[in-house]
Amino acid sequence: MNFELITYNSNPMKKLILSALMALLATGVFAQGYQTGVGVRGGYVSGVTLKHFIDEPVALEGILSFGRWGFNMTGLYEIHARAFDVRGLNWFYGVGAHIGQWNDDYPLLDERGSFAVVGVDGIIGLEYEIEEIPFTLSADWKPSLNFVGYTGFVGFGGALSIRYVF
């Protein structure tokens, strides 16, 4: 592609679109494998997710879950490996921690009030990278154990996620 042939006119929207397209092509979005992905996580407790690979098999993931029940921030350290010898399909597992604020709308609480929660998390799941478009789909189970606030095991942390990857 000869970038010298592209000329900008006075339309700022065209400038923005062309600049974004060139930046995406320069970062190799369409290549196999990705470094960072951002998206949504849908499950019994939903939110947004950001995953960044710090090494080939190792990723850090941040999850912000929120709803009328409060919010939760989770950080995870994950190891990825190819699953079932299928190109683009990986399984992953990891550990992490969370901190949040829950109120009495949280599904587990049979008590009234508001609770600051702190605990540890585990995660195991499958992720599929769609090579034709820059997205991944993943399904996981993320149980947690609270040490502060509403203490105890929370086992319904599973979700489906879709991420735009770059």
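User: What pattern does the chain follow along the sequence?

Analyst: Read in sequence order, the pattern is α-β-β-β-β-β-β-β-β-β-β, which comes to one helix and 10 strands. Helices (H or I, at least four residues) and strands (E, at least two) are DSSP runs, numbered from the N terminus. This is a predicted model, in which local features need pLDDT of at least 70, side-chain atom pairs count only at pLDDT 80 or more, and totals for chains, interfaces and linings use all residues. Residues are numbered from 1 along each chain as its sequence is written, and side-chain values use heavy atoms, with hydrogens and water left out.

User: Why is the pair of Tyr 34 and Phe 53 called edge-to-face?

Analyst: Rings of Phe, Tyr and Trp (its six-membered ring) pair if their centres lie within 6.5 Å; planes under 30 degrees apart count as stacked, over 60 as edge-to-face and the rest as tilted. The centres of Tyr 34 and Phe 53 are 5.2 Å apart and the planes stand at 90°, so the pair is edge-to-face. Tyr 34 lies in the loop between helix H1 and strand E1, and Phe 53 in strand E2.

User: What makes Tyr 34 count as buried?

Analyst: Buried means under 20% relative accessible area, exposed over 50%, partly exposed in between (1.4 Å probe, protein chains only). Tyr 34 has 14% relative accessibility and therefore counts as buried; Phe 53, at 11%, is buried as well.

User: Why does Tyr 164 count as partly exposed?

Analyst: Tyr 164 has 25% relative accessibility, and therefore counts as partly exposed. Phe 135, with 29%, is also partly exposed.
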